[in-house]
Amino acid sequence: MSTSNLKLYSYWRSSCSCRVRIGLNLKGLSYDYVPVNLVKGEQFSDEFTKLNPSGFVPVLVDGDTVVSDSFAILMYLEEKYPQHSLLPSDPQKRAINYQAANIVSSSIQPFQNLITLKYIREKIGPAEEHNWVKYNLERGFTALEKLLKDYAGRYATGDEAYLADLFLAPQIHGALNRFKLDLSQFPLLLRLYEAYGENQAFQDAMPEKQPDAPPSSTT
């Protein structure tokens, strides 16, 4: 278990940060949590952009190594800290994990981040924000239901939690709690979400459990 070198720059409600928190928990890696308030624009400070010029969380600092982007961070952790592998040994299931993670990270999450929603509100109008999020979430979740239907067990690709689950859990959590969407048309994803709710590594990574979460937060 890592005890001193790992530092995670995170925001409580960031689903990208949540993916990494789950991965760290599953691997049993302790880390220092450094909050970055995205609403206040702390991600654009000189101090933070030295770590990640793109101005996004999460960022992982491991001694002299700095890695940004959740996918890159998780692959780094997988290579350096092999305990509790985040990828199955079967090549086909491994590919399905990559596909599911990419659907979330490229076809869903970017359309609901703060920068995108701010643009929608200002250029189109606040009334369109919910429709925009709903459309993109439902499109992505439809693809995920089809992709995973022949592979899912207790978790996305079997009875062990792997990379796909790290991306799915915060995305489903956000859809239900942040955006208040009805996901009854996605029974497989809801079943997986129930399993995540019974796994302490996932639950400890959820937004409301983070030190920078507002006291009354439920999302």
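**A tour of the salt bridges**

Start by selecting Lys149 and Asp150, whose side chains meet in a salt bridge with an N to O distance of 3.3 Å. Remember as you look around that this is a predicted model.

How many salt bridges does the structure hold? There are 5 of them, and this tour visits some.

Next, select Lys27 and Glu78. Their side chains form a salt bridge as well, at 2.9 Å from N to O. Now colour the chain by helix and strand to see where the partners sit. The two come from distant parts of the chain, 51 residues apart: Lys27 lies in the loop between helix 1 (15-26) and strand 2 (32-35), while Glu78 belongs to helix 3 (residues 70-80). Bring the surface back for this pair: both Lys27 and Glu78 are buried.

For the last stop, select Lys80 and Asp62. Here the closest N and O atoms of the salt bridge are 3.0 Å apart. This pair also links distant parts of the chain, with Lys80 in helix 3 and Asp62 in strand 3 (residues 59-62), 18 residues apart.

Which label does each partner get? Asp62 has a relative accessible area of 5%, so it counts as buried, because buried means under 20%. Lys80 has a relative accessible area of 43%, so it is partly exposed, a label for values between the buried limit of under 20% and the exposed limit of over 50%.

Note on methods: Residues numbered from 1 in each chain as written. Predicted model: local features only at pLDDT ≥ 70, side-chain atom pairs only at ≥ 80, totals over all residues. Heavy atoms only, no water. Salt bridge = Lys/Arg side-chain N within 4 Å of Asp/Glu carboxyl O. Helix = DSSP H or I, 4+ residues; strand = E, 2+ residues; numbered from the N terminus. Buried < 20%, exposed > 50% of the residue type's maximum accessible area, 1.4 Å probe, protein only.
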